[in-house]
Amino acid sequence: MAEATPLRPRMLINGELVEASDGKTFTVYNPATRDISAQGKSPTPPESLHTVPEASADDTNAAVAAAKAAFPAWEAMGPAKRAVYLKRLAALLREHKDELARLDAIAMGMPVSTHHFAESCARHFEYFAEAWATVQGQASVNTPGYVTMTLRQPYGVVALIIPWNVPCHFLGTKSAPALITGNTVVLKSSEKAPLAVARIAELVKEAGFPPGVFNILSGHGLPSGQILSRHMDVRALSFTGSSRTGKLIQEEAARTNLKKVILELGGKSPALIFEDADLDKAVAQTQFSIQSNSGQVCMANSRIYVQKSVAAQFVAAFKQQFAANTRPGDPLDRATNHGPQADETQYRTVLAYIEDGKAAGGTLALGGHGQLERTNGFFVEPTVFLDAPETARITKEEVFGPVVVINTFDTEAEAVAKANDTEFGLYAAVYTRDVNRAMRVARALESGYVGINCTSPLTGHDLPFGGYKSSGQGREGLLYSMNNFLETKSVIMQIDEA
Ligand code: NAD
């Protein structure tokens with residue numbers, strides 16, 4: 001991989017790449033080595049370059065003000081002209097995809113071998129650059145003496161708050177549909193993974209977006225995220241992150257201007273394996289689901305329920321494959337497919353859940369250890385719990401690590417009841433060769449997404465994505481996301497009869 005120019009992380013406010021107005025910064029450490037990462041591999045970067053700007057209240061307000069000022073001209077430009085900027089950015093993202101992968105690797109540990117998200121970000125900008133013509137209102141003459149119609153129009157300033165686990169992907173899925181529909185954007189990256197997004201801020205400037213149209217902040221939830229949530233000039237907010245933060249954002253929106261809020265939140269996704277399933281396929285796919293991105297995936301199948309008659313066979317194969325297919329190491333090494341947890345907090349949280357699972361009576365069948373002493377990085381072994389109580393935190397709460405609970409069931413009704421006994425509802429999978437059972441179970445599962453003989457992270461490109469229950473509200477997707485950023489206005493016009 002070509003060595004990239006050292007990054008100097010800055011924010012993009014009103015078309016300028018800037019430091020925080022009060023000079024505050026935070027440091028990003030490489031979770032695989034605990035070295036300072038904000039400058040990548042540069043051996044002795046100047047001290048001032050070790051840091052990422054922490055957006056202040058003034059910076060956040062300035063970004064919103066810039067977006068508000070830029071809105072009328074951006075809306076008036078029309079989608080075909082707006083599309084030119086999106087396409088330019090897509091080309092730049094593709095050109096710099098290796099560099100973006102490397103920046104995510106040193107910030108949050110995603111192996112470069114598994115990072116296809118700059119590409120997916122580029123694809124979203126390209127897709128939405130072409131999709132604008134599908135934005136249409138309706139018209140009717142059903143009211144005698146009148147023509148009635150609906151107009152679809154942008155909200156104005158929209159805020160986008162993204163998590164750290166797949167930053168490039170969420171930047172694309174949210175900002176491309178918001179921008180093409182004529183909104184102006186203030187996006188805040190996660191404090192755990194701000195580097196690739198800071199590089200994208202440079203690319204946005206290079207793509208020539210008019211000042212204020214696309215603003216990018218870095219920093220923590222407080223103050224910047226909270227200010228966006230309660231800002232009176234932000235008219236819609238799309239958030240991906242934890243259910244806890246989603247609730248806080250919803251509260252702030254309700255207390256202030258009732259801005260539209262779209263929430264893509266956490267999960268505790270079940271996979272149900274019936275005795276007639278193709279067990280080899282079920283093992284391989286469920287294992288990949290919980291190993292991918294070191295288990296830091298909202299839809300990872302972190303609970304597996306296996307019919308008792310095939311449980312021993314399934315568990316033996318699952319343990320063998322989970323251990324054999326996990327190749328931990330330097331995320332910058334293309335042979336690595338398993339990175340560390342994103343930071344020390346995530347690492348300690350995962351280990352605490354493992355201790356809790358043991359204390360609750362679960363049987364540790366594989367792994368269960370942190371590797372900090374041995375590797376100097378926040379690696380966690382692939383971990384399997386058997387027979388953890390259904391009420392244990394390890395079975396009920398999102399761990400966000402390479403940790404799976406495998407429990408058993410006797411009947412279809414029991415499997416569905418256990419799968420649904422959760423506040424989450426993001427993705428569920430069912431493995432069976434019985435098509436009637438597959439459809440019965442798919443219908444009964446309380447989940448925004450169901451895989452039949454397949455599981456996450458697989459998704460259909462044109463399907464909506466989003467959660468039931470505390471996994472969120474609203475849906476995102478190629479055919480759905482523009483809707484999130486468009487108001488509907490009804491217009492009724494009287495026609496004078498001749
Ligand atoms: P998080 O909620 O801690 O942080 C997400 C973002 O919110 C960050 O940018 C953070 O700075 C910001 N934030 C924190 N506090 C805030 C506040 N009070 N007001 C406004 N913004 C605030 O989540 P995370 O740890 O970054 O991401 C992991 C979570 O995201 C997991 O729960 C995972 O399941 C979820 N997730 C969901 C999806 C989905 O599509 N449903 C996808 C990926 C991740």
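1. **Confidence.** Please keep in mind that this is a predicted model. The mean pLDDT of the protein chain is 95, with 96% of its residues at 70 or more. The stretch to treat separately is residues 41-49, where pLDDT stays under 50. For that stretch the model has eight contacts beyond four places in sequence.

2. **The shell around the ligand.** The ligand is surrounded by 30 residues, and the closest are Glu191, Ser242, Thr245, Leu265 and Glu398. At least two residues of this shell come from each of α7, β10 and α8. Which element gives the most to the shell? That is α7, with four residues.

3. Two side chains stand out for a look on your screen. Glu191 has a side-chain N or O atom 2.7 Å from an oxygen atom of the ligand, and an N or O atom in the side chain of Thr245 is likewise 2.7 Å from a ligand oxygen. Gly221 takes part through its backbone, with an N or O atom 3.3 Å from an oxygen atom of the ligand. The ligand taken alone exposes 850 Å², of which the protein buries 90%.

4. **Helix α8.** This helix covers residues 243-255 and supplies at least two residues of the ligand shell. Ser243, Gly246, Ile249, Glu252 and Ala253 are its buried residues. An α-helix has 3.6 residues a turn, so residues three or four places apart point the same way. The partners of the buried residues of α8 are β7 (157-161), α7 (221-230), β10 (234-240) and β11 (260-264).

5. **Helix α3.** The buried set runs through Glu99, Leu100, Ala101, Arg102, Leu103, Asp104, Ala105, Ile106, Ala107 and Met108. These buried residues pack against four helices: α2 (79-95), α4 (117-131), α5 (167-180) and α6 (195-207). The helix, residues 97-108, should span 16 Å, in agreement with the 16 Å between its end C-alpha atoms. Gly109 follows α3 and has a positive phi, near 90°.

6. **Thr455.** This residue sits in the loop between β18 (450-452) and β19 (472-473). Is Thr455 buried or exposed? Its relative accessible area is 5%, under the 20% cut-off, so Thr455 counts as buried. The side chains of Thr455 and Asn301 are joined by a polar contact of 2.9 Å. Beyond neighbours within four places in sequence, Thr455 contacts Gln285, Thr286, Ser289, Asn301, Tyr427, Ala429 and Tyr431.

7. **Met149.** Strand β6 (residues 146-154) holds Met149. With 25% relative accessibility, Met149 is classed as partly exposed, because that value falls between the 20% and 50% cut-offs. Setting aside neighbours within four places in sequence, Met149 is in contact with Gln138, Ala139, Lys489, Ser490, Val491 and Met493. As for Ala335, its C-alpha is 57 Å from that of Met149, and the two are 186 residues apart in sequence.

Methods
Residues numbered from 1 in each chain as written. Predicted model: local features only at pLDDT ≥ 70, side-chain atom pairs only at ≥ 80, totals over all residues. Heavy atoms only, no water. Expected span 1.5 Å × (residues − 1). Buried < 20%, exposed > 50% of the residue type's maximum accessible area, 1.4 Å probe, protein only. Contact = heavy atoms within 4.5 Å. pLDDT = per-residue confidence, 0-100. Near = heavy atom within 4 Å. Polar contact = N/O pair within 3.5 Å; in protein donor to acceptor, adjacent residues only side chain to side chain. Areas by Shrake-Rupley, 256 points an atom, 1.4 Å probe, with all protein chains shown as cover.
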